[in-house]
Amino acid sequence: MTITRRVIVHEGADGPFESMAVFDAAATAPSPGILLFPNVLGTKETDFVYAEKIAALGYTVLVADVFGQGRRTTRTDPEMGRYMAELNADRTLLRDRVNAAHALLKSLDEADANRTAAIGFCFGGRCVLDLARSGADIAGGVSFHGVYEAPPFPHAEITARLLICHGWDDPIAPPEATVALAKELTEAGCDWQIHAYGRTGHAFTDHAVNMPEKGLAYQPDADRRSFRSMVDFLGDLFG
């Protein structure tokens, strides 16, 4: 097994984007393709390392840029959320960008275009849900400590199976938002499951976050359990 990274610069309607493909260069056939949507900061090294863990399980991963090339922020940036805010304010644009990322994944020689799924963290969880809401032909999606509010317009039939990994004490997705998501997915006829972790807030997979007073902190138990749930979920989709 030879896990390899390849930068992909691709054109969009409003400029270039820079994503990262991660795959086993020694594989002799295309493998199921996984989109990885990052958090508020955009694509970064921690996403690429996480993608390598997934690729080692037998998948081709595309760490998807939905902000645009060079449009990244850091935790010390006073306007850390400015690129995310643009897409939160225009859910149609977000829908178009996540579908463009899916099309790019399916175009990769290393990916099986007929077997794809998506995972996402925080804002990336919203990306996963909006991709599913758009009616995209992904087999499934996994949201880790995501954002749940539906877009302000009707969505297509959801055909993807969904796994929601959720910190019960998440201030960004409080219990009423989680219940509303369950109601939405049920009414859409979606095959869904929610794994809720007690004593767990937002960003529970992110080692760099430690603000428990704000409900944002890494939680190793939830991180470990949600990763195992994702592995089992993907295996069920593609096994």
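Because the model is predicted, local features need pLDDT of at least 70 and side-chain atom pairs count only at pLDDT 80 or more, while totals for chains, interfaces and linings use all residues. Residues are numbered from 1 along each chain as its sequence is written, and side-chain values use heavy atoms, with hydrogens and water left out.

The description begins with an open sheet of eight strands, in the order β1-β2-β4-β3-β5-β6-β7-β8 and with mixed pairing. Strands (E, at least two residues) and helices (H or I, at least four residues) are DSSP runs numbered from the N terminus, and two strands pair if DSSP finds at least two bridges between them. At the edges stand β1 (3-12) and β8 (192-197), each of which pairs on one side only. On average, neighbouring strands of this sheet are turned by 20° against each other, direction ignored. Such angles are taken between axes, which are lines fitted to C-alpha atoms (for helices over the stretch in contact), and run from 0 to 180 degrees between N-to-C directions.

Helix α3 (residues 91-107) packs on the sheet and touches β1, β2 (15-24), β3 (31-37), β4 (60-63) and β5 (111-121). Its direction makes about 150° with that of β3. Contact here means heavy atoms within 4.5 Å.

Several of the strand pairings can be followed residue by residue. Strands β3 and β5 pair in the parallel sense over seven bridges, and the bridge partner of Leu35 in β5 is Ala118. Strand β5 also runs parallel to β6, to which five bridges join it; in this pairing Ala117 stands opposite Gly140 of β6. Strand β6 (residues 140-144) in turn pairs with β7 (residues 161-167) in the parallel sense over five bridges, with Cys165 in β7 as the bridge partner of Phe144.

Between β5 and β6 the chain passes through α4, and these three elements make a right-handed β-α-β unit. A crossover is right-handed if, with the strands pointing away from the viewer, the path from the first strand over the helix to the second runs clockwise. Helix α4 (residues 123-133) lies across β3, β5, β6 and β7 and runs at about 140° to β5. The helix is mostly covered, with 11 of its 11 residues buried; among them are Phe123, Arg126, Asp130 and Arg133. Buried means under 20% relative accessible area, exposed over 50% and partly exposed in between (1.4 Å probe, protein chains only). Strand β5 is likewise mostly covered, eight of its 11 residues being buried. After α4 comes Gly135, whose phi is positive, near 85°.

Asn39 lies in the loop between β3 and α1 (45-55) and counts as buried because its relative accessible area is 8%. Leaving aside residues up to four places away in sequence, Asn39 touches Lys44, Phe67, Arg75, Phe121, Cys122, Phe123, Gly124 and Asp206.

A search of the whole structure finds zero disulfides, a disulfide being a pair of cysteine sulfur atoms within 2.5 Å. For Cys122, the nearest cysteine sulfur is that of Cys127, 11 Å away. Cys122 counts as buried because its relative accessibility is 10%. For Cys190, the nearest cysteine sulfur is that of Cys165, 14 Å away; Cys190 is also buried, with a relative accessible area of 10%.

The aromatic side chains form a further set of contacts. A pair of aromatic rings is described by the distance of the centres and the angle of the planes. Rings of Phe, Tyr and Trp (its six-membered ring) pair if their centres lie within 6.5 Å, and planes under 30 degrees apart count as stacked, over 60 as edge-to-face and the rest as tilted. By this rule the count comes to seven aromatic pairs. The rings of Phe67 and Tyr83 have centres 6.0 Å apart and planes at 45°, and therefore form a tilted pair. This pair links distant parts of the chain, 16 residues apart: Phe67 in the loop between β4 and α2 (82-88), and Tyr83 in helix α2. Phe67 is buried at a relative accessible area of 4%, and Tyr83 is buried at 13%. Elsewhere, ring pairs link Tyr50, Phe121, Phe144 and Phe227 into a cluster.
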